[in-house]
Amino acid sequence: MAVAVVAPVAGVLVSLLTPTTDVWRLLWETSLVEMVVSTFVLMIGVVAGTLVIGGGLAWLTSVHRFPWSRSLSWLLVLPLAMPAYVLGFVAIGLLDAPGPVQSLLRALTGADGSLFNPRSMGLAIVVFTLALYPYVYLQARAALGEQSATPYHAARTLGLSPTAAARRVLLPLARPALAAGAALVAMETLSDFATVQYFNVTTISVGVEQVWHGMFERAAAAELASIVLVMAAVVIFGERRLRGRARYEQKGRGGGIEPITLTGARGWAATAACGMVLMLAFVIPGLQLV
């Protein structure tokens, strides 16, 4: 198994021994810097977005009870069935100039032509975030579900409110899970070359595909892929450094944490937040595909 995994990596690294200098010179003069910057910006944006959405939803559904919270806790995993390239295709179809969103806006405002361009880095980050947040959500929810109630109750006896105790005690204890989920998200983002092309974002993975099939330079494509390997290695090393020796906190004798019940406007606001993410990431794209 190790040989099967290492073989393509070794092939990429060996290709660096005989660099294709003319292709590298051309890339440096044209798009190499743009590809590196775009890849870095996309990865950082998607990791930040998935940490906020995935971690926030895990905290809401694990530590709180609100209307439909039990059903939403597993429904929020459904976006894993919607690949990022499918979600990107649907997003462009909905938001592009001939799509229903801009058509409705033109009908309401009387404007002509395209009102905005959806093919941008910002929308690419949003699409990747909606497609990949379940990686962080599942990891964080599992970690929060395994927490011992003892640190939480200790924080409560020291005067913290239920919400403050959850924020200052439970979430830091879930940091290893958040880091692991973020590393998975970063890997998925680095390796994608199909979705980003919908949004005119040229990442290194897109450059590898273009050099291989556009310039018919397989050796140069392998050399360019080494940059992706370096970024992946940095992600793995960073995740391990952040995690250190930390592990998931297992349940103690006191059992799990008693969930906080959200009632009234706060409860329905939590339901609306979960429902909005589910609508954008799964329901609307599913209906559009149907």
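## Helix α12

In this predicted model, helix α12 spans residues 204-214, and its buried residues are Ile204, Ser205, Val206, Gly207, Val208 and Val211. An α-helix has 3.6 residues a turn, so residues three or four places apart point the same way.

Phenylalanine 216 follows α12 and has a positive phi, near 55°.

## Aromatic pairs

A pair of aromatic rings is described by the distance of the centres and the angle of the planes. With ring centres required to lie within 6.5 Å, the count of aromatic pairs comes to 2. One of them joins tryptophan 68 and tryptophan 268, with 5.8 Å from centre to centre and 90° between the planes, an edge-to-face arrangement. Tryptophan 68 belongs to the loop between β1 (64-65) and α4 (69-75), whereas tryptophan 268 belongs to helix α14 (residues 264-289), so this pair ties together parts that are 200 residues apart in sequence. Tryptophan 68 has a relative accessible area of 60% and is exposed; tryptophan 268, with a relative accessible area of 47%, is partly exposed.

Phenylalanine 89 and tyrosine 198 also pair: their ring centres are 6.1 Å apart and their planes stand at 55°, so the arrangement is tilted. The edge-to-face class would need an angle over 60 degrees. Because phenylalanine 89 lies in helix α5 (residues 84-95) and tyrosine 198 in helix α11 (residues 195-198), the pair ties together parts that are 109 residues apart in sequence. Phenylalanine 89 counts as exposed, at 54% relative accessibility, and tyrosine 198 counts as partly exposed, at 26%.

## Packing of α5 against α14

Helix α5, which holds phenylalanine 89, also meets helix α14, in which tryptophan 268 lies. The axes of α5 and α14 come within 10 Å and cross at roughly 70°. Angles of 65 to 115 degrees count as roughly perpendicular, and α5 and α14 are therefore roughly perpendicular to each other. The crossing of these two helices is left-handed.

On the α5 side, the contact is made by Val86, Leu87, Val90 and Leu94. Their partners in α14 are Leu280, Ala281, Ile284, Pro285, Gln288 and Leu289. By residue class, the contact of α5 with α14 comprises 9 nonpolar residues, 1 polar residue and no charged residue.

Definitions and conventions: Residues numbered from 1 in each chain as written. Predicted model: local features only at pLDDT ≥ 70, side-chain atom pairs only at ≥ 80, totals over all residues. Heavy atoms only, no water. Buried < 20%, exposed > 50% of the residue type's maximum accessible area, 1.4 Å probe, protein only. Helix = DSSP H or I, 4+ residues; strand = E, 2+ residues; numbered from the N terminus. Phe/Tyr/Trp six-rings, centres within 6.5 Å; stacked < 30°, edge-to-face > 60°. Axes fitted to C-alpha atoms, helices over the stretch in contact; angles between N-to-C directions. Parallel < 35°, antiparallel > 145°, perpendicular 65-115°, else oblique. Left-handed = near helix turned anticlockwise from the far one by under 90°. Contact = heavy atoms within 4.5 Å. Nonpolar A, V, L, I, M, F, W, Y, C, P; charged D, E, K, R; others polar.
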